[in-house]
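Me: I have a model open here and would like to go through how its parts pack together. Could you take my questions one at a time?

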Amino acid sequence: MSQDSAAPETGRKLSGRRRREVVAVLLFSGGPIFESSIPLSVFGIDRQDAGVPRYRLLVCAGEDGPLRTTGGLELTAPYGLEAISRAGTVVVPAWRSITSPPPAEALDALRRAHEEGARIVGLCTGAFVLAAAGLLDGRPATTHWMYAPTLAKRYPSVHVDPRELFVDDGDVLTSAGTAAGIDLCLHIVRTDHGTEAAGALARRLVVPPRRSGGQERYLDRSLPEEIGADPLAEVVAWALEHLHEQFDVETLAARAYMSRRTFDRRFRSLTGSAPLQWLITQRVLQAQRLLETSDYSVDEVAGRCGFRSPVALRGHFRRQLGSSPAAYRAAYRARRPQGDTAGPPGPVSGPPALMDSVVPAQLPGARRAAAASSAAGPTATAAAPPEHGRQHADAFSGGRAALPGQRSAP
């Protein structure tokens, strides 16, 4: 679906006591202030002078206050859960911890709102609250790439897609981390009031009306912490250390002494990702690093990352990063400050080193790989993870959606 198209039909008629122009934002103690402030700024400020239709904002406490947020600040919400009954849109900006269950009263309020036709929105880790309420069952959804494997593992009926900046499934919408919340809020304004209104709001916020690309460029090699105690950990570590060799998922399954079908099922249950998707993404990430830190030709990079041909590298690279390998290298070098010697100036010998910050230390061989990575240099496309919810440093990967940055229901 085009990003400028109307949202899919929700199938539910809005209850008579709810109003489309009323937006309730549900805040919890421990939530990060940046994500919390996004819907407050988008829907809570009168910008009619700039051609942006006005919403009525209700800031609701999802639990008893005071609500403590980033930096020890305390917030007092003017409304409680009862105010959600008037809203046509309910936004959960973020959840304080992906390991903690949300309050039952807040989950009940979200379910009632959805049953009465309200549009429910989860920004970043707010998707965990929507999933806990059962609102994502059988639906496509996204969240910050770092937490996507945990969301997929904990709620297997949710179709988690960490490639997207946001997913619009009609009456339930979710976004990736932090700034992607702005993308989704602008999409809501665009859906409600058209492209011109969303563009006017974007100019006021000094942000692009819509960003191209998804989350692929920010992925790293991390895997859920739980995999360290699983027998598959040794197979995963071997794969990361041998990316320069040509092997496929059947090879990994054989090393795990499993059938391909059993291996696929076990791998997905542990990581939230299909093994083929994961393996391709690791090869593309390795190609990124070599393009950044060496003078290998694109053909040589393809061979050193286990791709069967440069054509295969170029296809997967473009699907995941929206750029050709040559264009990516040129853009990276143009951005790098003069005198930056983070990476080796020329080709290096031996198998490609692994990035020390993204291989779980408990994986067999991870310490050896970390030691080998000292000359690898930083990866320009890795985004710093948000401060909240650092309990899991997860990554989940996949192919490219047809429309960059957004997935909507057909």
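Me: At what angle do helix 1 and helix 5 pack, and how far apart are their axes?

Reply: Bearing in mind that this is a predicted model, helix 1 (residues 33-44) packs on helix 5 (residues 180-193) at an angle of about 25°, and their axes are 10 Å apart. Because angles under 35 degrees count as roughly parallel, helix 1 is roughly parallel to helix 5.

Me: And which hand does the crossing of helix 1 and helix 5 have?

Reply: The crossing of helix 1 and helix 5 is right-handed.

Me: Which residues meet there, in helix 1 and in helix 5?

Reply: Helix 1 brings I38, P39, V42 and F43, which meet G181, I182, C185, I188 and V189 of helix 5. Sorted by class, this contact of helix 1 with helix 5 has eight nonpolar residues and one polar residue, with no charged residues.

Me: What about helix 5 and helix 6, how do their axes cross?

Reply: The axes of helix 5 and helix 6 (residues 195-205) cross at roughly 145° and come within 7 Å, and this crossing, too, is right-handed. On the helix 5 side the residues are I182, L186, V189, R190 and H193, and they meet T195, A197, A198, L201, A202 and L205 in helix 6. By class, the contact of helix 5 with helix 6 has eight nonpolar, two polar and one charged residues.

Me: Changing topic, which residues of the largest nonpolar core touch the most other members?

Reply: That core has 39 residues, and L26, I84, V90, L110, I120 and L136 are the ones that touch the most other members. The elements that give two or more residues to this core are strand 1 (19-27), strand 2 (56-61) and strand 5 (87-92), together with helix 2 (104-115), helix 3 (126-132) and helix 4 (148-154).

Me: Take L110, then: what is L110 in contact with, leaving aside its neighbours in sequence?

Reply: Once neighbours within four places in sequence are set aside, L110 is in contact with L26, V90, V92, I120, V129 and L135. There is also a second, separate core of 30 residues, which includes I38, L67, C185 and L186.

Me: One more, is A239 buried or exposed?

Reply: A239, which lies in helix 7 (residues 232-241), counts as buried because its relative accessibility is 0%. Not counting residues up to four places away in sequence, A239 touches F247, L252 and W278.

Me: How far apart are A239 and L252 in space?

Reply: From C-alpha to C-alpha, A239 and L252 are 7.6 Å apart, while in sequence they are 13 residues apart.

Definitions and conventions. Residues numbered from 1 in each chain as written. Predicted model: local features only at pLDDT ≥ 70, side-chain atom pairs only at ≥ 80, totals over all residues. Heavy atoms only, no water. Core = buried A, V, L, I, M, F, W, Y, C linked by side-chain atoms within 4.5 Å. Buried < 20%, exposed > 50% of the residue type's maximum accessible area, 1.4 Å probe, protein only. Helix = DSSP H or I, 4+ residues; strand = E, 2+ residues; numbered from the N terminus. Contact = heavy atoms within 4.5 Å. Axes fitted to C-alpha atoms, helices over the stretch in contact; angles between N-to-C directions. Parallel < 35°, antiparallel > 145°, perpendicular 65-115°, else oblique. Left-handed = near helix turned anticlockwise from the far one by under 90°. Nonpolar A, V, L, I, M, F, W, Y, C, P; charged D, E, K, R; others polar.
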